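Take a walk through this protein, from the whole chain down to single residues. Keep the sequence and the coordinates in view as you read.

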Amino acid sequence: MRDSRLLILVVMLFGAAGLFAQEAPGDLPPNAQPGKCYAKCLIPDEWETVTERVMVKPASTRVEVVPAEYGTASEQMLKTAEAKKLTYVPAVYETVEERVMVKPESKKIIAVPAVYETTTERMLVKEESKKIVPVAAVYETVEERVLVSEASSRIERVPAQYETATERLEVSPATTKWVKKKADKNCLSADPEDCLVWCLVEVPATYKTVTKQVRKGCPAGYTDNGDDCTKEIEIPAKYETRKKRVVKTPATTREEIIPAEYKTVKKTVLKSPATTREEIIPAEYETVTKKVIKTPARYDEQVIPAEYQTVTRQVVKSPAKTNTIEIPAEYETVTKRVLAKKGGFTEWREILCPDLVTSYTISQIQRALLDRGYDVGPAGVDNVLGRDTKAALAKFQKDNGLPVGNLNFETLKALGVQY
């Protein structure tokens with residue numbers, strides 16, 4: 001256990017050392033990949049020509065006044081308003097006969113005596129009763145299987161089995177680290193600081209082989225409990241047969257019923273109780289004559305119609321108004337050159353690593369520049385990235401809006417160079 005802890009501590013120390021080796025000062029390329037090189041390149045300004053419609057004279061409005069128009073109109077005017085007059089109409093009477101109650105209906109109560117009869121009835125002299133009679137128990141002899149000793153178990157222990165195993169442990173994991181190149185001879189700028197080159201290099205992992213005793217397990221049928229191997233062995237229970245006398249039918253009691261005793265007697269009973277009945281005395285009426293209103297007095301309303309006269313006057317046929325006339329704006333088209341994207345030393349680009357810039361690669365670059373009309377110097381294709389070739393390459397990058405200052409992949413792809 002102690003050796004394992006020491007080995008883990010060594011692995012952690014080597015891993016920390018790999019992390020510190022990976023750090024590099026300053027701004028570094030994002031999403032870098034091992035084995036590739038990167039540099040900050042000059043990105044030229046991007047310009048574009050745009051056509052724009054410019055307003056020479058703004059839109060305006062002009063107001064014109066239209067005078068009012070008049071005409072003659074005839075109109076009915078109210079001379080006397082409508083009125084109402086009330087006329088009195090007297091009431092109308094008639095003589096009628098009416099039946100009037102002189103004495104109201106009344107009631108008289110008459111008594112009705114009770115009615116009796118003689119009946120024969122069976123009377124209970126002695127009620128029904130019950131008597132409890134005991135019944136003796138019945139016994140028998142039976143055989144019974146009795147437990148002498150209960151079932152149990154015992155634990156059997158044997159040592160665990162081990163074997164020797166060899167294991168390969170990682171001492172330090174694979175890492176990467178940034179390596180700064182001293183000076184890029186392929187830089188197109190006179191100032192080396194314009195061509196800062198960093199390369200991401202892989203550092204392989206290191207391993208160590210150790211031998212240790214590995215617990216193999218327990219024999220078949222045994223359970224591994226951590227310290228040794230155990231197996232539970234079952235011991236069956238023991239029984240014996242014994243005879244004993246048991247109750248076949250328990251002692252009980254039975255119930256005997258003693259019937260009730262009756263006698264017959266005669267008695268007078270009420271057949272219908274005394275009551276009362278109600279007798280109605282009808283009401284008395286007589287006929288009288290009286291004078292009543294047939295039609296009540298009222299007032300009739302008469303409408304007196306209104307009187308009108310015709311008058312003529314001058315009215316506005318169409319009121320004075322103003323009309324607003326829209327005068328459209330005047331435009332002209334102008335063409336100008338505007339900055340589409342600002343350049344500068346702001347972006348990391350992947351470049352061809354210095355050890356991959358061969359004479360064959362340089363000759364491809366010189367031929368591609370000559371084919372596109374760029375002068376690489378009097379020597380022509382000499383497989384040397386000299387001053388004239390660098391100047392031609394920088395001019396090609398600026399003319400085509402490419403990153404300027406290094407052999408970046410965008411430039412090589414634009415020239416059709418295989419790398």
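A residue is called exposed when its relative accessible area is over 50%, buried when that area is under 20%, and partly exposed in between. Thr-164 has a relative accessibility of 55%, so it counts as exposed. The model is a predicted one, and every value here is computed from it.

Start with that threonine. Thr-164 sits in strand E12, which covers residues 161-172. What does Thr-164 touch beyond its neighbours within four places in sequence? Its contacts there are Thr-211, Lys-212 and Gln-213. The pair Thr-164 and Thr-211 is 47 residues apart in sequence, yet the C-alpha to C-alpha separation is 7.1 Å.

Now step back to the whole protein. It contains four helices and 27 strands. Of its 419 residues, 17% are buried. Its accessible surface is about 31,900 Å². Carbon and sulfur atoms account for 52% of that surface. Contacts between residues at least 6 apart in sequence tell a further story: 86% of them join residues at least 24 apart. Thr-164 and Thr-211 give one example of contacting residues separated in sequence.

Glu-128 lies in a loop, between strand E8 (115-126) and strand E9 (129-135). Its relative accessible area is 52%, so Glu-128 is exposed. Leaving out neighbours within four places in sequence, Glu-128 contacts Ile-257, Ile-258, Pro-259 and Ala-260. Ile-258 is 130 residues away from Glu-128 in sequence, but their C-alpha atoms are 5.7 Å apart.

Glu-202 belongs to strand E14, residues 197-203. Its relative accessible area is 58%, and Glu-202 is therefore exposed. With neighbours within four places set aside, its contacts are Pro-34, Thr-175 and Thr-176. Thr-175 is 27 residues from Glu-202 along the chain, with 6.1 Å between the two C-alpha atoms.

Which residues have the most contacts inside the largest nonpolar core? They are Ile-365, Leu-369, Leu-393, Phe-396, Leu-407 and Leu-415, in a core of 17 residues. H2 gives the most, with four residues. Apart from this core lies another, of six residues, including Ala-39, Cys-199, Ile-351 and Cys-353.

Ala-39 is in strand E1, residues 37-43. Its relative accessibility is 0%, so Ala-39 counts as buried. Leu-407 is 368 residues away from Ala-39 along the chain, and 9.5 Å separates their C-alpha atoms. Ala-39 is part of the six-residue core, whereas Leu-407 is among the residues with the most contacts inside the largest one.

Back to the helices. How do H2 and H3 pack? Their axes are 11 Å apart and meet at an angle of about 60°. Angles under 35 degrees count as roughly parallel, and 65 to 115 as roughly perpendicular. H2 and H3 are therefore oblique to each other. The crossing of H2 past H3 is left-handed. On the H2 side, Ile-365, Gln-366 and Leu-369 make the contact. On the H3 side, the residues are Thr-389, Ala-392, Leu-393 and Phe-396.

The loop between H2 and H3 holds Asn-383. Asn-383 is not a glycine, yet its phi is positive, at about 60°. Is Asn-383 buried, exposed or partly exposed? Its relative accessible area is 36%, so Asn-383 is partly exposed.

End in helix H4, where Thr-411 is placed. Thr-411 has a relative accessibility of 1%, so it counts as buried. Which residues does Thr-411 contact, leaving aside neighbours within four places in sequence? They are Leu-393, Phe-396, Gln-397, Leu-402 and Pro-403. Leu-393 and Phe-396 are also on the H3 side of the contact with H2.

Note on methods: Residues are numbered from 1 along each chain as its sequence is written. This is a predicted model: local features need pLDDT of at least 70, side-chain atom pairs count only at pLDDT 80 or more; totals for chains, interfaces and linings use all residues. Side-chain values use heavy atoms; hydrogens and water are left out. Helices (H or I, at least four residues) and strands (E, at least two) are DSSP runs, numbered from the N terminus. Buried means under 20% relative accessible area, exposed over 50%, partly exposed in between (1.4 Å probe, protein chains only). Contact means heavy atoms within 4.5 Å. Accessible areas come from the Shrake-Rupley method with a 1.4 Å probe; for residues, only the protein chains shown count as cover. A nonpolar core is a set of buried Ala, Val, Leu, Ile, Met, Phe, Trp, Tyr and Cys residues joined through side-chain atoms within 4.5 Å. Axes are lines fitted to C-alpha atoms, for helices over the stretch in contact, and angles run from 0 to 180 degrees between N-to-C directions. Angles under 35 degrees count as roughly parallel, over 145 as roughly antiparallel, 65 to 115 as roughly perpendicular and the rest as oblique. A crossing is left-handed if the near helix is turned anticlockwise from the far one by less than a right angle, and right-handed if clockwise.
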